[in-house]
Protein chains: 2
Amino acid sequence: MALLDSLPDAVSVYEVSPRDGLQNEAAQVATHAKVRLIEALMDAGLRRIEIASFVSATWVPQMADADQVARLVPPSDGVRFSALCPNRRGLDRAQRAGVSEIAVFVSASETHNRKNVNKSIARTLKTFEGVIGPALDSGMTVRGYVSTMWGCPYEGEVDPQVGLQIARALLDQGCYQVSLGDTIGVGTPLQTRRILELFFREVPAHAVALHLHDTRGTALANVLVGLEMGVTTFDTSVGGLGGCPFAPGAAGNLATEDLVYALHGMGIDTGINLDRLWQAGQVASAIVGRDLPGKVHRAGIRALSR
Amino acid sequence: MALLDSLPDAVSVYEVSPRDGLQNEAAQVATHAKVRLIEALMDAGLRRIEIASFVSATWVPQMADADQVARLVPPSDGVRFSALCPNRRGLDRAQRAGVSEIAVFVSASETHNRKNVNKSIARTLKTFEGVIGPALDSGMTVRGYVSTMWGCPYEGEVDPQVGLQIARALLDQGCYQVSLGDTIGVGTPLQTRRILELFFREVPAHAVALHLHDTRGTALANVLVGLEMGVTTFDTSVGGLGGCPFAPGAAGNLATEDLVYALHGMGIDTGINLDRLWQAGQVASAIVGRDLPGKVHRAGIRALSR
């Protein structure tokens, strides 16, 4: 495999701003504003959008209106809306709201998983048996997240073998894809290669997505490694919406514009109109009432001075 | 060449914050504050530091105290201070101030070069004959910059062949290294590969450095390409000090901490203590009185929550 000789022709971008991007926002964002953001993202050409999370409103007040958001987004051919569901109760809400895809999530670090969902990894996977099966039975597709793959804020380094076992369990239960999360944005390129080498011994490339946070600026370098190794789905958030809860003021999700700018610069198709995507980033910024950290969002797409 | 199999064991970081970082700061930074920053960088292990620019104080008021800065920095074994010099007058000042290395600069884009130094590229190179030779004769080393290699804010795309001709002229005149600049931060990885492939047909890898701006988030991905192709010198600015003059609020220079974090994560030696480097970034931020865009600068090095 020569350097940059095995890049894919096309990449699928999985947009997480309405869910992962907004979930840590302290000020409640109005339902119609969330719908406006989702519409702007659709207008830019995004075809996979995680629109909400069906979790307890007590735990994540920002997602209390998930049912309304899901009902208000305009159905569109070729656009798949998904929603995060931790349990059967979440699935019931997702089904009633007409969402066609759900995402389940578990951490590769025991401590992070307990802090996040108050259960062991094993019990979380057991819970999913009552979620994934019924979801598939009702015609939904199911995606899985394995978070803290590159490191845990409580345990430090994480054994990628543990993440692989979890990913296999999720795929065995019926997830069509597992998205590996660098939840705290600590990953570097050789580490990414090691994780993917391990995975690709047992899992096909199309079943693996990368969900990278750009907290330490390494996300796009890790994307490059993923691209060369066969990954063709990347999770991003427009404008880089979604901070790092462990470092106020620091960046979180890789910005969709930054990914798409780099991909288009390498001739890789995304189906996304970058100008409209940039406009969607302006909507995101207006909705939360502050500057977002995305680089293309801040600098603009083109550099020509006028 | 397999993916990430040809990484170097060590990289030389060329720090530009006291010059490229500060030169666009509107508020005058006190001379002693500049010296404090340089000392903090030395304390972190940086061995190549561009401390000032001997240009007209009318054009760049921030560099009016270049002579004093050069006289006040403490000489240290193994540390090479350099200063930007556009002409013979600048060289005279650099020599009187005791600087051991100068850097000359020219743009690969005719319009950018004229806007920058009010001369054609050819006349600029001719001027350098009266700078580089005398500098070498006096025992100095000379480095060359070729800016706007990845794109020009006035002309758009730039022919890398033009940049190569300029680089060869600079090397022929006696520069030990040419630093290729993505001045406006538009470069993407395949473009970086194309530029380096062209250069390495005629120029040895040790004679080429990359001076990347992170304006659109691609700098570290481009570094990865450079590393794999044999580049071992990268120009950076602590904290990402130094904005993009064409996009207020946008990032400019690649942050030294972001580069070093990624390099150390891949086991590549830099001789730099990242904790002390982070402290130097705090000095830089305090000096200019505002937050800097560097990601590691903002997020911190380690992710463990306490």
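**Exercise 1. How many residues of chain A are in contact with how many residues of chain B?**

Solution. The structure is a predicted model, and the counting begins with the two sides that meet. On one side stand 46 residues of chain A, and they are in contact with 45 residues of chain B. The next step is to ask which helices supply this side of chain A: α8 (189–200), α9, α10 (256–265) and α12 (295–299) each supply at least two residues of the side that touches chain B. Among the contributors to that side, α9(A) gives the most, with five residues. Sorted by class, the side of chain A that touches chain B has 26 nonpolar, 13 polar and seven charged residues.

**Exercise 2. Decide how far helix α9 of chain A is covered, and describe what follows the helix.**

Solution. Helix α9 of chain A spans residues 219–229, and eleven of its eleven residues are buried, so that the helix is mostly covered. Among the buried residues are A221(A), N222(A) and E228(A). Just after α9(A) comes G230(A), which takes a positive phi of about 115°.

**Exercise 3. Describe the sheet of chain A, and then turn to the sheet of chain B.**

Solution. In chain A, eight strands close into a barrel in the order β1-β2-β3-β4-β5-β6-β7-β8, with parallel pairing. Neighbouring strands of this sheet are turned by 25° against each other on average, if direction is ignored. As one pair to follow in detail, β4 (residues 101–107) and β5 (residues 141–147) of chain A run parallel and are joined over seven bridges; the bridge partner of S107(A) in β5(A) is S147(A). Helix α10(A) packs on the sheet, where it touches β1 (12–15) and β8 (233–236) of chain A, and its direction makes about 175° with that of β1(A).

Chain B has a closed barrel of eight strands, also with parallel pairing. There, β7 (residues 208–212) and β8 (residues 233–236) of chain B pair in the parallel sense over two bridges, and H211(B) has D235(B) as its bridge partner in β8(B).

Definitions and conventions. Residues numbered from 1 in each chain as written. Chains lettered and ligands numbered in written order. Predicted model: local features only at pLDDT ≥ 70, side-chain atom pairs only at ≥ 80, totals over all residues. Buried ≥ 20, exposed ≤ 12 C-beta atoms within 10 Å, placed from the backbone. Helix = DSSP H or I, 4+ residues; strand = E, 2+ residues; numbered from the N terminus. Contact = placed C-beta atoms within 7 Å. Nonpolar A, V, L, I, M, F, W, Y, C, P; charged D, E, K, R; others polar. Pairing = 2+ DSSP bridges. Axes fitted to C-alpha atoms, helices over the stretch in contact; angles between N-to-C directions.
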